[in-house]
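Please read this report alongside the model. It moves from cores to strands, then to rings and single residues.

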Amino acid sequence: DLNGELIWTRTFKGGGIKYFYLYENSVQLFFIPERFLILDAETEEEIEDVKGADVILKTSTEIITKTIYLESKDAISEKTKWSFEISNRVSLKPLFTENYIIMRTGRVIGTAYVVDRKTGRMLFEKEGVISNVVYLPESNQIVVIDKNGVVLSVDVQSGKETKLVEFSNPP
């Protein structure tokens with residue numbers, strides 16, 4: 001809870017949790033091998049269990065899935081609202097805001113993307129990223145480290161890149 005007290009515990013068998021989200025009083029878990037599980041955050045009650053699916057986030061109005069495509073589907077009809085092709089699988093946990101989906105492909109080096117959550121339009125793409133992608137909502141910017149050891153701040157709307165730091169010995 002908000003005071004740091006344990007509410008419940010649960011043991012999972014048969015695979016590992018790749019990432020999870022706390023969303024509208026639910027705990028949403030994405031497992032390897034592919035399994036998407038939604039639990040009530042307060043009671044641990046199982047709300048939904050989908051095996052073999054690439055669902056990574058589910059709200060009352062949309063379902064986000066990922067394969068080589070990132071897709072938004074209507075939660076009721078399950079019709080695709082938009083689809084966005086990504087260069088390879090997303091292995092790091094995407095960040096969902098009200099307006100954006102922010103993610104990076106690859107394990108060691110990959111491409112960072114900012115996608116408009118409502119339209120699926122790519123707002124920003126940067127290849128050669130070696131860090132997680134940090135989102136700064138106050139300034140509407142992301143921060144990444146590229147393969148040359150440069151820490152960049154990028155305005156999400158304009159795509160304008162600002163060099164913040166350059167390491168003398170690239171990673």
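Contact here means heavy atoms within 4.5 Å. This is a predicted model, in which local features need pLDDT of at least 70, side-chain atom pairs count only at pLDDT 80 or more, and totals for chains, interfaces and linings use all residues. Residues are numbered from 1 along each chain as its sequence is written, and side-chain values use heavy atoms, with hydrogens and water left out.

**Cores**

Leaving aside neighbours within four places in sequence, Met-103 is in contact with Leu-70, Phe-84, Ile-86, Val-90, Pro-94, Thr-111, Ala-112, Tyr-113, Val-115 and Val-133. A nonpolar core is a set of buried Ala, Val, Leu, Ile, Met, Phe, Trp, Tyr and Cys residues joined through side-chain atoms within 4.5 Å. Buried means under 20% relative accessible area, exposed over 50%, and partly exposed in between, with a 1.4 Å probe and protein chains only. The largest nonpolar core has 16 residues; Leu-70, Phe-84 and Met-103 touch the most other members. Strands β1 (16–23), β5 (55–58), β8 (80–85), β10 (100–104) and β11 each supply at least two residues of this core. Strands (E, at least two residues) and helices (H or I, at least four) are DSSP runs, numbered from the N terminus. Another core, of 15 residues, lies apart from it and includes Leu-123, Phe-124, Val-133 and Tyr-135. In soluble globular proteins, nonpolar side chains tend to be buried together.

**Strands**

Two strands pair if DSSP finds at least two bridges between them. An open sheet of four strands runs in the order β9-β10-β11-β12, with antiparallel pairing. β9 (95–96) and β12 are at the edges with a single partner strand each, so one side of each has no neighbour in the sheet. β9 and β10 are joined by two bridges. Phe-96 has Ile-101 in β10 as its bridge partner.

How much of strand β3 (residues 35–40) is buried? Six of its six residues are, so the strand is largely enclosed by the rest of the structure. In a regular strand the side chains alternate between the two faces of the sheet. Both faces of β3 are covered: one side has Arg-35, Leu-37 and Leu-39, and the other has Phe-36, Ile-38 and Asp-40, all buried.

β3 pairs antiparallel with β2 (residues 26–32) over six bridges. The two form a hairpin with two residues between them. Leu-29 has Leu-37 in β3 as its bridge partner. Five bridges join β3 to β4 (residues 46–51), again antiparallel. Ile-38 is bridged to Glu-48 in β4. The hairpin of β3 and β4 has five residues between the strands, and there Glu-44 takes a positive phi near 70°.

**Rings**

Rings of Phe, Tyr and Trp (its six-membered ring) pair if their centres lie within 6.5 Å; planes under 30 degrees apart count as stacked, over 60 as edge-to-face and the rest as tilted. The whole structure holds six aromatic pairs. Two of them are tabulated.

| Pair | Centre to centre | Angle of planes | Class |
|---|---|---|---|
| Tyr-19 and Tyr-21 | 6.0 Å | 65° | edge-to-face |
| Tyr-21 and Phe-96 | 5.4 Å | 75° | edge-to-face |

The pair of Tyr-21 in β1 and Phe-96 in β9 links distant parts of the chain, 75 residues apart. Both Tyr-21 and Phe-96 are buried. Tyr-19 is buried at 3% relative accessibility. Tyr-19, Tyr-21, Phe-30 and Phe-96 make up one aromatic cluster.

A charge sits over a ring if NZ of Lys or CZ of Arg is within 6 Å of the ring centre and within 35 degrees of the ring normal. Arg-35 lies over the face of Phe-31, at 5.0 Å from the ring centre. Lys-93 lies over the face of Phe-20, at 5.3 Å.

**Single residues**

Pro-94 lies in the loop between β8 and β9. Its relative accessible area is 2%, so it counts as buried. Pro-94 and Val-133 are 39 residues apart in sequence and 8.9 Å apart in space, C-alpha to C-alpha.

Arg-117 is in the loop between β11 (110–116) and β12 (122–129). Is Arg-117 buried or exposed? Arg-117 is buried, at 11% relative accessible area. Its side chain reaches the backbone oxygen of Thr-97 at 2.9 Å.

Gly-16, in β1, is partly exposed at 35% relative accessibility.

Note on methods. Polar contact = N/O pair within 3.5 Å; in protein donor to acceptor, adjacent residues only side chain to side chain.
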